[in-house]
Amino acid sequence: MKKLLFVYNAHSGKGTIKAKLADIIDRMVKEGYRVTAHPTQWPNEAAELIAQEAQDYDLIVCSGGDGTLDEVVTGMMQLQEKRPIGYIPTGSTNDFANSLQIPKNTQQAMEIAVSGQRFACDVGQFNDNHFIYVAAFGIFTEVSYQTNQELKNLLGHAAYILEGAKSLRDIASYKMRVTYGEEVLEGDFIYGMVSNSVSVGGFKQIAGKNVLLDDGLFEVTLIKCPKNPLELNEIIASLLTKVDNTDLIYSFKTDQIHFMAEKEVPWTLDGEYGGIHKEAAVKNCSRAVEFMVK
């Protein structure tokens with residue numbers, strides 16, 4: 001009999017997964033799997049569990065938000081022989097589920113997780129860590145991990161916007177030297193995003209059009225610090241219209257990028273706190289992990 005490890009965050013989103021556990025496990029068994037279910041107990045436990053035990057299973061299925069998925073992928077990247085990952089999204093944003101076209105409906109997502117097709121997807125390496133869909137710094141990036149869980153549950157996407165609005169009074173900038181290929185960018189940046197997703201923070205197409213999750217390339221967006229209200233308005237207009245007609249925003253694709261800052265910069269990886277770094281080397285690990293998709 002095939003073996004399946006089901007790792008889930010019982011508190012993700014509104015905790016709705018609890019009422020559906022019996023149906024989920026029953027469906028997995030009917031698909032021919034012997035199931036081991038494990039509710040996570042502390043941060044990063046999923047990464048440790050996958051790194052230690054995933055090789056003993058044929059399929060890994062995880063349920064939670066983007067943070068839970070990030071932990072599972074981080075653990076999987078430590079293995080020589082990786083296992084496919086099924087994903088049942090139950091978070092408040094579920095950016096990467098949108099990119100994989102995995103529905104929010106638990107029943108439909110479960111069917112894909114146990115009987116879908118394998119899709120080899122790129123994974124990002126950030127120094128010694130990994131991320132699945134975005135590494136970012138600057139304005140709004142602290143929102144997702146500073147917003148408490150109750151506010152996320154109550155307001156959903158609006159929670160991110162409300163928390164972000166509070167930080168608009170004081171926009172921090174970071175003096176950096178950014179290198180990719182033979183290009184070098186230097187300046188003060190208020191925001192930077194290295195992504196492999198069609199949706200970031202619940203906003204679709206923020207990374208641009210023609211985003212492919214398996215092309216070995218990241219979509220990069222860098223926003224320079226505005227020097228006056230006119231430049232700030234120019235940046236806002238460009239972001240709202242999704243028309244890149246300003247010299248204050250850089251948008252490009254690359255498989256590797258290096259950031260060197262004058263002072264330590266707080267980063268987020270897949271919406272969770274990623275530590276503070278003066279230097280960050282980001283690399284695309286092409287088609288490193290397989291996901292179950294439609």
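Helix α2 (residues 45–53) and helix α3 (residues 66–76) pack at about 30°, their axes 7 Å apart. Axes are lines fitted to C-alpha atoms, for helices over the stretch in contact, with angles from 0 to 180 degrees between N-to-C directions. The pair is therefore roughly parallel, the term for angles under 35 degrees. The crossing of α2 and α3 is right-handed, meaning that the near helix is turned clockwise from the far one by less than a right angle. On the α2 side, the contact (heavy atoms within 4.5 Å) is made by Glu 45, Ala 46, Ala 47, Ile 50 and Ala 51. On the α3 side, Glu 71, Val 72, Thr 74, Gly 75 and Met 76 take part. These residues divide into 6 nonpolar, 2 polar and 2 charged. Here Ala, Val, Leu, Ile, Met, Phe, Trp, Tyr, Cys and Pro count as nonpolar, Asp, Glu, Lys and Arg as charged, and the others, Gly among them, as polar.

The model is predicted: local features need pLDDT of at least 70 and side-chain atom pairs pLDDT 80 or more, while totals for chains, interfaces and linings use all residues. Residues are numbered from 1 along each chain as its sequence is written, and side-chain values use heavy atoms, with hydrogens and water left out.

The chain has 9 helices and 15 strands. Both are DSSP runs numbered from the N terminus, helices being H or I of at least four residues and strands E of at least two. Of the 294 residues, 50% are buried, that is, under 20% relative accessible area with a 1.4 Å probe, protein chains only. Among contacts with a separation of 6 or more, 72% link residues 24 or more positions apart.

Helix α5 (residues 106–115) buries Thr 106, Ala 109, Met 110, Ile 112, Ala 113 and Val 114. These buried residues pack against β1 (2–8), α1 (21–30), β2 (33–39), β3 (59–64), β4 (85–89) and β15 (272–293). At the start of α5, a side-chain oxygen of Asn 105 lies within 3.0 Å of the backbone nitrogen of Gln 107.

The axes of α1 and α5 come within 10 Å and cross at roughly 30°. The two helices are therefore roughly parallel. Their contact involves Asp 23, Ile 24, Arg 27 and Met 28 of α1. From α5 come Thr 106, Met 110, Glu 111, Val 114 and Ser 115. The residues of this contact divide into 4 nonpolar, 2 polar and 3 charged.

Thr 90 sits in the loop between β4 and α4 (95–100). Its relative accessibility is 9%, so Thr 90 counts as buried. Leaving aside residues up to four places away in sequence, Thr 90 touches Ser 12, Gly 13, Ile 17, Ser 63, Gly 64 and Gly 65.

Definitions and conventions:
A polar contact is a pair of N or O atoms within 3.5 Å; within protein, one must be able to donate a hydrogen and the other to accept it, and residues adjacent in sequence count only if both atoms are side-chain atoms. Angles under 35 degrees count as roughly parallel, over 145 as roughly antiparallel, 65 to 115 as roughly perpendicular and the rest as oblique.
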